[in-house]
Amino acid sequence: ISKGVYTFDGKDFKNFSENKLLKNTAVRTLLDDKKGNLWFGTDTGLIKYTDGKINHFTIKEGLNRNEVEIIAIDKFGNIWIATLSGLNMYDGKKMYKISEDEGLQSNIIFLMHIDKNNFLWVGTNKGLEQININAFVNDKKIDIKHYGKSEGFVGIECNDDAVMEDKEGNLWFGTIFGVTKYQSSERQEIKSIPLTSITGIKLFNQNVDWNKYADSLDEKTNF
């Protein structure tokens, strides 16, 4: 089945041919919202289906790209759309854009998940991005935290839709180098500024007699 939407009544599959647009397009992802709307991510854009009525969103309406890979709904009812050209958010009135220009490490999105704390997790070919949905919805502030190798996400490149949240709130991510588990309960925010202590200075990675380059040096620090 390469195109269209099919329904299953427990016995048979039937093509959902109520609309030609849905019948003749490849559907990659779909979900329903609390209002009873159906949302389809397709290779020709985002489609909203309500009681036989179709709303079609493409690059003309602000999508980064017509080929939609993943869609998700946050607790406010906003639709998040992932493509291979970045991220979009639709609040029912306006389409917003978040891409490398706005702080993503990569526009190539392979997975997307909204956790129980209303954070959006985006997995790309360059690691994970955690986006604060509350900050974006309330203040239109783009607050992105990146997780790469130096942050412990050693798998780096994520696999398609390889994400789940268990009952304890832990997040599991599938990558090209295995599985990584993120324990949100152990995350600690460092609020104090660390003290910096300089113990030495080298020139071209070599120890240097700085007396040759200064009028005087401090006896305690030798600087």
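Is Arg 28 buried, partly exposed or exposed, and what is its relative accessible area? Arg 28 is partly exposed, with a relative accessible area of 41%; here buried means under 20% relative accessible area, exposed means over 50%, and partly exposed lies in between (1.4 Å probe, protein chains only).

The legends below describe a predicted model, in which local features need pLDDT of at least 70 and side-chain atom pairs count only at pLDDT 80 or more, while totals for chains, interfaces and linings use all residues. Residues are numbered from 1 along each chain as its sequence is written, and side-chain values use heavy atoms, with hydrogens and water left out.

**View 1**
Arg 28 forms a salt bridge with Glu 69, with 2.6 Å between the closest N and O atoms. The pair links distant parts of the chain, Arg 28 being in strand S3 (residues 27-32) and Glu 69 in strand S7, 41 residues apart. Strands (E, at least two residues) and helices (H or I, at least four) are DSSP runs numbered from the N terminus. A salt bridge requires a side-chain nitrogen of Lys or Arg within 4 Å of a carboxyl oxygen of Asp or Glu, and by this rule the count comes to two. In the other view of such a contact, the side chains of Arg 65 and Glu 67 meet at 3.1 Å, N to O. Glu 69 is partly exposed at 22% relative accessibility. Arg 65 is partly exposed at 31%, and Glu 67 is partly exposed at 27%. Side chains of opposite charge can pair when their charged atoms come close.

**View 1. Strand S9 and its two partner strands.**
Five of the five residues of S9 are buried, so this strand is largely enclosed by the rest of the structure. Gly 86, Asn 88 and Tyr 90 point one way from S9, whereas Leu 87 and Met 89 point the other way. Strands S8 and S9 pair in the antiparallel sense over five bridges; two strands count as paired if DSSP finds at least two bridges between them. Ile 81 has Asn 88 of S9 as its bridge partner, and a hairpin joins S8 to S9 through two residues. The pairing of S9 with S10 is also antiparallel, over four bridges, and Met 89 has Tyr 96 of S10 as its bridge partner. Four residues lie between the strands in the hairpin of S9 and S10, where Gly 92 takes a positive phi near 100°.

**View 2. Surroundings of Gly 86.**
Gly 86 lies in strand S9 (residues 86-90) and is buried, with a relative accessible area of 0%. Residues up to four places away in sequence aside, Gly 86 touches Asn 64, Ile 81, Ile 98, Leu 104, Asn 107 and Ile 109, contact meaning heavy atoms within 4.5 Å. The C-alpha atoms of Gly 86 and Glu 69 are separated by 10 Å, and these residues are 17 apart along the chain.

**View 3. The largest nonpolar core.**
This core has 18 residues, of which Trp 80, Leu 87, Met 112, Leu 120 and Val 122 touch the most other members. The elements giving two or more residues to this core include strand S8 (79-83), S9, strand S11 (109-114), strand S12 (119-124) and helix H2 (133-139). A nonpolar core is a set of buried Ala, Val, Leu, Ile, Met, Phe, Trp, Tyr and Cys residues joined through side-chain atoms within 4.5 Å. Leaving aside neighbours within four places in sequence, the contacts of Met 112 include Ile 70, Trp 80, Leu 87, Leu 120, Val 122 and Val 163.

Lys 140, a residue other than glycine, has a positive phi near 55°. Lys 140 is placed in the loop between H2 and strand S14 (144-147) and is partly exposed, with a relative accessible area of 39%. Ile 156 is not a glycine either, yet has a positive phi of about 60°. Ile 156 lies in the loop between S14 and strand S15 (158-165) and is partly exposed at 24%.

**View 4. The hairpin of S16 and S17.**
Strand S16 (residues 171-175) and strand S17 (residues 178-182) pair in the antiparallel sense over five bridges. The hairpin that they form has two residues between the strands. Phe 173 has Thr 180 of S17 as its bridge partner.
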